[in-house]
Every structure is written in C-alpha cells, then in structure tokens.
Amino acid sequence: MAGKLKIHVDPDKCQGHSRCKSLAPELFELDEYGNAHEIGDGTVPDGLEDKAWLAKSNCPELAIDITED
Amino acid sequence: MNKPVPVTDWISDFDHTDPRWTENPYPIWDVLRAASPVVHTDRFLGVYMPTTYEAVKAIAYDTEHFSSRRIIVRNSRPPITQSAPPITSDPPEHKPAKQLLLPPFTPDAMKKLEPRVRAICNELIDQFINEPGVDAAARYTKHIPVRAIAHMLGIPEQDGDLFIKWIHEILELGITDEDTLMRAIQEMSHYFMGHIQARKSKPTDDLISTLMNARGPDGQPLSDMHVLGSLRLLLVAGIDTTWSAIGASLWHLAKTPADRERLIAEPELMPTAIEEFLRAYSPVTMAREVIKETTITGCPIKSENMVLLSFPAANRDPAMFHDADKVLIDRKENRHAAFGLGIHRCVGSNLARMEMTVALEEWLKRIPDFRLDPAGKVTWSEGTVRGPRQLPLLLGAAR
C-alpha cells in the first residue's frame, strides 16, 4: 500500500499565482503577500491526494513538490 | 507618421501591429513557432520574439540579460524619464516595490471588493437588457475593470472615460506616436498628483492613501514620484487587460453555444473555464530590453534589441498544452502563463480572475441567450493588449 503524500511549496519559486489555494484550499494557505505555503507539515489527509496532484499540475512556477512517505 | 511596409515574410520581418496579426494572430504564431523558438525582426529598432513556452519562460526568468525598464515595443526608444515600479523595475529594486502592492490584491482582499463588482455588472446590464442587441465591448466589458479599480483607488468611478482615453493613447497610439504618448502620460500624472495632494491634508481609506502611508526599504515614506508611478501602473495594467479578458470570454461564449449552455448547466466549471479563457485568449504581451548578450534555447540574443514577450503565444504552444488550439472549458491541467512567469507575475491576477468570474456569472444569469450579430463587426485592439473593442451581440433566443 502506498504511503502518505507530503506536499511542499518552494518559497523561492512561488510567485503567488494562488492556483493551488483555489484548487486545494484544504492543503495550502496564503501569506499576507499572497504567496502559498503548505498547511501544517504538508501531510495530505486521506482523500485529498487528487487535489494535491491537481494543485501541483497547475502551478505555473513548478513550485510544488510531492513526496511519498 | 509613416505607414509601415506590409509584412511579406513573417519569420524574418514580423510586425505585431500588422492588421492581420491584430485580427487573428494564432496562425501567424504557428508559422513563427515552426520556424524557430526565437524569431527576429528589424522593425521597431530590432525585436526578438520567443515563440515557445520554454523560450518565453527562459526569458521571463532571466533578469540578468533582460531588463524590464522598457516593457512596450514601440517605434522609438525615448530616454526613460518615468518609471512605474514594480513592473518597470529589475532586481534588487523590484521586490520591495512589489511587496508594497501585493497585500491589497490577495484573494481575500478581492472577496471584499466582489459585491461592488457584482453591483457594477448589474448596473451596466440594466442599461441594455431590454434592447435587441448591444456592443458588449463598449457598454459592458469596458466599464467593469475601470470602475473596480477606481473604487479601490478611491477616485470617482465616473472618471473612467478619462482613464480609458489615456490608456488607448499610451498603449495603442503611443506605439507610433510619441507626442500623444507623452501628453497622455503628463495628463495622467497631473490628475493623480491632484489626488495625492488632496490626501496630504485629508487622508482617506483607499489604495492611494495606503501607498502614501507605505514605507520603502529604507524605512522612509515613498516619494510622490514612486506613488505616482505605481498608480500609473495600476491604471494602465488593470484596465484594458481585464476589459480584453472579459470581452474575449464573452466573444467565445457568443460564438460557441455548446460551451455557453454547458457553463450555465454546470456552473461548477466556471473556474476551469476562466483559466482556459485566460490561456487561449491571453490578452497581455509584455516586453523586455536586452541588456547583455546571451543565448535562449540555442538562439543568440544580441543587445540593443527589444523582446516581445508573448505569453499568449506561449499559451498556444502544442509542446506544452495538448489540443493547444482548442478551447476546453474543463481543461484540468493548465499551467498557462497569462499573468506572466517569474518575479513579474501580474500583481492584479486575483482581481482579474474575480472580475472575469463575476462579469460572466452575472451576464449568464441575466442573458443566458446571446450570439454574435452577423450584421456587426468584431474588432480587436492592437499591440500589447489584445481583446475585442467592438463586440456586437444579439440578445435573447434566436428567432
């Protein structure tokens, strides 16, 4: 069985397009400048895996990494 | 003003102001892309154009060889006297100037503005809903962004026609007519200085006052010139861009009944539809000035040239997007570059998305049936920002 997914937004790459936040608000939050960060330690709760991949595949700056534990 | 020589060879002599480019640029870009990832023209004192997503991205990310001090390709390159930070800034000045503007444009800030934009849309629709037809570019899409930005800045919404005139003079006529360009910039600066002066004695709760109260990286308040430059940017960048994006979306829905009906039946598709309209009909082409010789995707790039940074062409690159020439309102993966890539990502992208969404939602709610008026002509703006400037529609079900 596959392990849990973990997401991470690279703050040097994120330019605040906020695509991830609109596609997966459960997984990402924005700071006062509109730049995205993963919520908590980035662990993707069960059932939200597809949203994590969707956010990654819509980030124009390729700023989102997904790793599998 | 000399009339330009018509283009016969697009690949070595392209002209982004040619009427054929203005009317339908997509087949021209396909020709250019098939020829090379970067093409060059001697027109406009020398201009490169990246034609692929990869080449556009490489240039957008490269602030060492490409400067933003000039961001519009024109016939002349007058000395730079007026800047509009952060869009005309390079590192290291860019980041602090941009950070001042970001907080007022976050998605949460836009939610607060949304009810006013919804009201603006309905006020506009009220004026023509009982007519058989309407020029939607002149009476709907044009007025939404200008009133929204005026509302944010705290200046009278009815001054909108003035702003639209300046923008036309700066972005379109100004490509070839330097006198008009300079006069428009002066008029606009004079107008905003008046609003800045007024707030010195009587501060207000709006974006102009926010900028006046902001502190630069040195801890000092911004100079009047910096505030003025940023205001000029918000007006120029925030108005006919979104006017164009809303207009192109409505144009698509007017000529594509299947998408219109599907969007009404499945309103949850609105977010992917908006992103797809942004990709397929991206309004904004930026520019850079080459400041150091380099190579992009194998193509040599020489100094003293401008670069036409065509995000719209990148967004039609079949190497990046499957069915790049088709408009798929449920496209799931869409890394489009309509708002730019890298540090100059459009500061108003959240505002533009909100305005597009609200403008289409309110229109479809009240006018579910509409189509292009076969007796009218759709015309498109020229140059840096592309969108319908006349959009004659027939309202109501076909009879």
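Student: At roughly what angle do the axes of helix H8 and helix H9 of chain B cross?

Tutor: Two packed helices are described by the angle between their axes and the distance between the axes. Here the axes of H8 (residues 143-153) and H9 (residues 160-171) of chain B cross at roughly 110° and come within 10 Å. That makes H8(B) roughly perpendicular to H9(B), a term for angles of 65 to 115 degrees. Axes are lines fitted to C-alpha atoms, for helices over the stretch in contact, and angles run from 0 to 180 degrees between N-to-C directions. Helices are DSSP runs (H or I, at least four residues), numbered from the N terminus.

This is a predicted model, in which local features need pLDDT of at least 70 and side-chain atom pairs count only at pLDDT 80 or more, while totals for chains, interfaces and linings use all residues. Residues are numbered from 1 along each chain as its sequence is written, and chains are lettered from A.

Student: Which residues of H8(B) and H9(B) make the contact?

Tutor: Residues are in contact if their C-beta atoms, placed from the backbone, lie within 7 Å. H8(B) supplies B:His143, B:Val146, B:Arg147 and B:Ala150, and H9(B) supplies B:Gly160, B:Phe163 and B:Ile164.

Student: How far apart are the axes of H6 and H17 of chain B?

Tutor: The axes of H6 (residues 107-126) and H17 (residues 349-366) of chain B are 9 Å apart, and the helices pack at an angle of about 35°. Among the residues that meet are B:Met110 and B:Val117 in H6(B), and B:Met354 and B:Trp363 in H17(B).

Student: How many residues does each chain bring to the contact between chain A and chain B?

Tutor: Chain A gives 16 residues and chain B gives 20. On the side of chain A that touches chain B, helix H1 (19-23) and helix H2 (49-58) each supply at least two residues. The largest share of that side, three residues, comes from H2(A).

Student: Which residues touch the most other members of the largest nonpolar core?

Tutor: A nonpolar core is a set of buried Ala, Val, Leu, Ile, Met, Phe, Trp, Tyr and Cys residues joined through C-beta atoms within 7 Å; buried means that 20 or more other C-beta atoms lie within 10 Å of a residue's own. In the largest core, of 114 residues, they are B:Val56, B:Ile59, B:Ile149, B:Val307 and B:Leu309. Apart from that core lies another, of 15 residues, including A:Cys14 and A:Ile64.

Student: What does B:Leu309 touch?

Tutor: Not counting residues up to four places away in sequence, B:Leu309 touches residues including B:Pro50, B:Val56, B:Ile59 and B:Met286.

Terms used. Angles under 35 degrees count as roughly parallel, over 145 as roughly antiparallel, 65 to 115 as roughly perpendicular and the rest as oblique. Two residues are in contact if their C-beta atoms, placed from the backbone, lie within 7 Å. A residue is buried if 20 or more other C-beta atoms lie within 10 Å of its own, exposed if 12 or fewer, and partly exposed in between; C-beta atoms are placed from the backbone.
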